Amino acid sequence: MASVPSLASSVDQRVADALASALPEARGADPLLRRSDRADFQANGILALAKKAKANPRELAATVVQGMAATGDLIQEIEVSGPGFLNITVTDRAIIETLAARAADDRLGVPLAANPGTTVIDYAQPNVAKEMHVGHLRSAVIGAAMVEILEFTGEKVVRRHHIGDWGTQFGMLIQYLMEHPHELDHKSSDASAEVSGEEAMSNLNRLYKASRALFDSDEEFKTRARARVVDLQAGDAETLALWQRFVDESKIYFYSVFDKLDMDIQDQDVVGESGYNDMLVETCRLLEESGVAVRSNGALCVFFDDVKGPDGNPTPLIVQKSDGGFGYAATDLSAIRDRVGDLAATTLIYVVDARQSLHFKMVFETARRAGWLNDGVKAVQLAFGTVLGKDGKPFKTREGETVRLVDLLDEAIDRAAAVVREKAQDLTEAEIAERAVQVGIGAVKYADLSTSAARDYKFDLDQMVSLTGDTSVYLQYAYARIQSILRKAGDAKPAAHAGLALAPAERALGLHLDHFGELLAEAASEYAPHKLAAYLYQVASLYTTFYSECPVLKADTPEQVENRLFLCELTARTLSKGMSLLGIRTPEKL
């Protein structure tokens, strides 16, 4: 399992060596190599270096070219362009030999990070006793993709699902359940029978609506419910047991939705707000004793010079309310202490709605002042935008209600089934149903992940399941097309032939496949899964051009057939690996 140097890194090193030889003070300087439409690569760094050394940039570039003239099988052509750019074309042999080395490795030659750390990712955070809606989609999908990308690059990743499982609303729910003890009973009397997520949510919804109606109309019940909150916070055993029933019932529902999303959520990774209750008092004590937080009108607050309200007065982060209750800030700060102290995190990533950016800015700054975050530990909010309807407004039902996530996913699967059935060849009804789930859920995930997380995006199912354009369906069909070619190849097997001349479409595809490792490193370091999605779309697009311009099974020679099958197979492996990191399946047949 060895990493394979990319062509870009090999060329970059050759340019850097020749540059250092021509201009010794430039040793270690970045040649600023990038892909180019005039050649394979262009090096732009000579201009600035020549200016700094008071040298003529074109003359310096020409000296670098002379130093690179005899570089064996890597460089085919190098020329000086404009005021001192270098246009560099690599050999066909170098492309195929590099790709062959990638193909020989299970990881496609992608290196592991040089200095991996421990990252805790906080994502997919639904609320107990409440239905998951479209707003829960992005945190789950973006977070799951970042987990896979970071783990593939060698980072140790700890998942955390900070579910909303504590608060005053539980007083109302628990009190109602005490007075109506069979409201959460399941239809089946068989204790071993599996409860559906739909039934679990139906029970919770019914109970929530009934308890809310009673709370709003009956003052005596409201008083009892508020007293029950006190019992819950004091750790009363009976109250806690009923609270646990709500949590357990909600998990049945959560897991059913995540299962539909094809996401693996482990119970030990679910640590809700309640998981930090025992730390809240100490968190407040540490903040107050260190002077990070101060009392203001009875509340424990942290103030910031740059955070002010509309009236111009400072807006503090309230850690503890004047009545002694704890806010979200106390829980979030306790979670940071736990994740840094007990989990030994070097990075904390919070995949949370952009509308919570101010809260997390203040929480992170407070943690830095307290010393819980420092030069060795960073916290990042991977903020995401809003899911919009086709009209560009926040996504709602026709009645103005928030869209249930389950309904959205079911509709995506139904739309995908129509697409799969229309294109299906030799698929049974069971296979069509299976592919519909893979295509529909993949379409929803890809639409989200192909957009920069910070941006809003329009949820348009017609576009999402389209066979053309930047969709997961286009990528899945490219993969399935390759598998069909490989099945039809008969005795011809994929094999790299480095001595063959490559057509332009073969070169373009090969150079892009070689960029996979560098792209993944970029997506991981920038927490940018949309960059991986864009890369994969380009792979599929370049493959489509290759497929139309370069006959595979009817190529001119047996060696050319094998070489093109080799390119097909490596393209398929790259698509499959990249899509799996985004949480999307690649069916063998569509």
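The legends below describe close-up views of a predicted model.

Residues are numbered from 1 along each chain as its sequence is written. Local features need pLDDT of at least 70 and side-chain atom pairs pLDDT 80 or more, while totals for chains, interfaces and linings use all residues, and side-chain values use heavy atoms, with hydrogens and water left out.

**View 1. The whole chain.**
The chain has 20 helices and 13 strands. Helices (H or I, at least four residues) and strands (E, at least two) are DSSP runs, numbered from the N terminus. The C-alpha trace spans about 90 × 65 × 45 Å along its principal axes. Of the 590 residues, 51% are buried. Buried means under 20% relative accessible area, exposed means over 50%, and partly exposed lies in between (1.4 Å probe, protein chains only). Among contacts with a separation of 6 or more, 74% join residues 24 or more positions apart. Contact means heavy atoms within 4.5 Å.

**View 2. Two nonpolar cores.**
A nonpolar core is a set of buried Ala, Val, Leu, Ile, Met, Phe, Trp, Tyr and Cys residues joined through side-chain atoms within 4.5 Å. The largest one has 158 residues. Leu 86, Phe 246, Leu 261, Phe 459 and Leu 532 have the most contacts inside it. Helix H5 (residues 137-152) gives the most to this core, with 11 residues. A second, separate core holds 30 residues, including Leu 280, Phe 360, Trp 372 and Val 377. In soluble globular proteins, nonpolar side chains tend to be buried together.

**View 3. Around Leu 532.**
Neighbours within four places in sequence are set aside here. Leu 532 then contacts Ile 149, Phe 516, Leu 519, Leu 520, Gly 578, Leu 581 and Leu 582.

**View 4. Aromatic rings.**
There are 11 aromatic pairs in the structure. The ring centres of Tyr 543 and Phe 546 are 5.5 Å apart and the planes meet at 45°, so this pair is tilted. Rings of Phe, Tyr and Trp (its six-membered ring) pair if their centres lie within 6.5 Å; planes under 30 degrees apart count as stacked, over 60 as edge-to-face, and the rest as tilted. Tyr 543 and Phe 546 lie three residues apart in helix H19 (residues 529-549), so about one helical turn separates them. Tyr 543 is buried, and Phe 546 is buried too. Elsewhere, Tyr 350, Phe 360 and Phe 364 form one aromatic cluster.

**View 5. Charges over rings.**
The charged end of Arg 107 sits over the ring of Phe 152, 4.1 Å from the ring centre. Lys 423 lies over the face of Tyr 477, at 5.9 Å from the ring centre. A charge sits over a ring if NZ of Lys or CZ of Arg is within 6 Å of the ring centre and within 35 degrees of the ring normal.

Strand S10 (residues 347-350) and S11 run parallel, joined by four bridges. Two strands pair if DSSP finds at least two bridges between them. Leu 348 has Ala 379 in S11 as its bridge partner. From S10 the chain crosses through helix H12 (residues 357-370) to S11, in a right-handed β-α-β crossover. Right-handed means that, with the strands pointing away from the viewer, the path from the first strand over the helix to the second runs clockwise. Strand S11 (residues 378-381) has Ala 379 and Gln 381 on its covered face. Lys 378 and Val 380 are on its uncovered face.

**View 6. The loop residue Asp 353.**
Asp 353 is in the loop between S10 and H12. Its relative accessibility is 14%, so Asp 353 counts as buried. Leaving out residues up to four places away in sequence, Asp 353 touches Gln 381 and Phe 384.

**View 7. The hairpin of S3 and S4.**
Strand S3 (residues 75-81) and strand S4 (residues 85-90) pair in the antiparallel sense over six bridges. Val 80 has Leu 86 in S4 as its bridge partner. Three residues lie between the strands, and Gly 82 takes a positive phi near 55°.

Most residues other than glycine have a negative phi. Asn 297 is not a glycine, yet has a positive phi of about 55°. Asn 297 is in the loop between strand S7 (294-296) and strand S8 (299-302). At 79% relative accessibility, Asn 297 counts as exposed. Tyr 527, also not a glycine, has a positive phi of about 50°. Tyr 527 is in the loop between helix H18 (516-525) and H19. At 14% relative accessibility, Tyr 527 counts as buried.
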